[in-house]
Amino acid sequence: MIGAARAVSKNTLDWAVYANKGIIWQTQSENSPVAIRAIIKQLLALPNFQIANCVVCMEHTGLYNAHALEVLFQAQLPIWLEASLHIKQAGGLQRGKSDNVDAQRIAEYAYRFQDRTRLWKPARPVMKKLAEFTRLRQRLQGMISQLKVPLNEQKRFGDRALTTQL
């Protein structure tokens, strides 16, 4: 099995491929659908690379994963979305922190813990909408609270006429 991994950020993706005893390929790309398709072509051109023996493992970073998830799923590559805490805990004491090193660690994690693989599948469109509406509602409720707290404090300690105007 080959563990292909990505360290995800807003602008870039770091890729690493781990096979047998170490990293056999590593690169960085832009976090865009066009760049991800180009990386897939490079992966498929690697010697002895077979989709059946590969899983693309990445940390769950929310919105920043969107392009990669869509393109990788369309390309029928198996995707394993893992919590960063699980990857970190499995690695023991670690020194050095960069996206480049993270990609290597994620690739090694995917290779070492093949038995824990849980393949990702996209949510149904209605569930995506519900999740987005729920997140928006939570943000709006937080904003309402931020606006009401000072008004309530003003009411208690400040000028009543001004509080009524506010």
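Modeller: Helix α1 crosses helix α2 in a right-handed sense. Keep in mind that this is a predicted model.

Biologist: Which residues make the contact between α1 and α2?

Modeller: From α1 come P33, I36, R37 and I40. From α2 come H67, A68, V71, L72 and Q74. Sorted by class, this contact has 6 nonpolar, 2 polar and 1 charged residues.

Biologist: Which residues of α2 are buried?

Modeller: They are A68, L69, V71 and L72. An α-helix has 3.6 residues a turn, so residues three or four places apart point the same way.

Biologist: Now the rings. How many aromatic pairs are there?

Modeller: The count is 4 aromatic pairs. One of them is formed by Y18 and Y111.

Biologist: How do you know that Y18 and Y111 form a pair, and why is it called tilted?

Modeller: Take the distance, then the angle. The ring centres of Y18 and Y111 are 5.0 Å apart. The limit is 6.5 Å, so the two rings pair. Their planes are 50° apart. Stacked needs under 30 degrees and edge-to-face needs over 60, so 50° is tilted.

Biologist: What parts does this pair tie together?

Modeller: Y18 lies in strand β2, residues 12-19. Y111 lies in helix α4, residues 99-112. They are 93 residues apart in sequence, so the pair ties together separate parts of the chain.

Biologist: Are Y18 and Y111 buried or exposed, and how do you know?

Modeller: Buried means under 20% relative accessible area. Y18 has 11%, so Y18 is buried. Y111 has 18%, so Y111 is buried as well.

Biologist: What makes the pair of W80 and Y109 tilted?

Modeller: The planes of W80 and Y109 are 40° apart. That value lies between the 30 and 60 degree cut-offs, so the pair is tilted. The centres are 5.5 Å apart.

Biologist: Where do W80 and Y109 sit?

Modeller: W80 is in strand β5, residues 79-82, and Y109 is in helix α4. The pair links distant parts of the chain, 29 residues apart. Relative accessibility is 0% for W80 and 3% for Y109. The cut-off for buried is under 20%, so both residues count as buried. Ring pairs also join W80, Y109 and F113 into a cluster.

Biologist: Why is N53 called partly exposed?

Modeller: Its relative accessible area is 37%. Buried would need under 20% and exposed over 50%, so N53 falls in between. N53 is in the loop between α1 and β4. N53 and H67 are 14 residues apart in sequence, and their C-alpha atoms are 23 Å apart.

Biologist: S9 is in a loop too, between β1 and β2. Why is S9 called buried?

Modeller: S9 has a relative accessible area of 19%. The cut-off is under 20%, so S9 is buried. Leaving aside neighbours within four places in sequence, S9 is in contact with N31, Y64 and D99.

Biologist: What makes N20 and Q76 exposed?

Modeller: Exposed means over 50%. N20 has 58%, so N20 is exposed. Q76 has 64%, so Q76 is exposed. N20 lies in the loop between β2 and β3. Q76 lies in the loop between α2 and β5.

Biologist: One last residue. Is C57 buried or exposed?

Modeller: C57, in strand β4, has a relative accessible area of 0%. That is under 20%, so C57 is buried. C57 and W120 are 63 residues apart along the chain, with their C-alpha atoms separated by 9.7 Å.

Terms used:
Residues numbered from 1 in each chain as written. Predicted model: local features only at pLDDT ≥ 70, side-chain atom pairs only at ≥ 80, totals over all residues. Heavy atoms only, no water. Left-handed = near helix turned anticlockwise from the far one by under 90°. Helix = DSSP H or I, 4+ residues; strand = E, 2+ residues; numbered from the N terminus. Contact = heavy atoms within 4.5 Å. Nonpolar A, V, L, I, M, F, W, Y, C, P; charged D, E, K, R; others polar. Phe/Tyr/Trp six-rings, centres within 6.5 Å; stacked < 30°, edge-to-face > 60°. Buried < 20%, exposed > 50% of the residue type's maximum accessible area, 1.4 Å probe, protein only.
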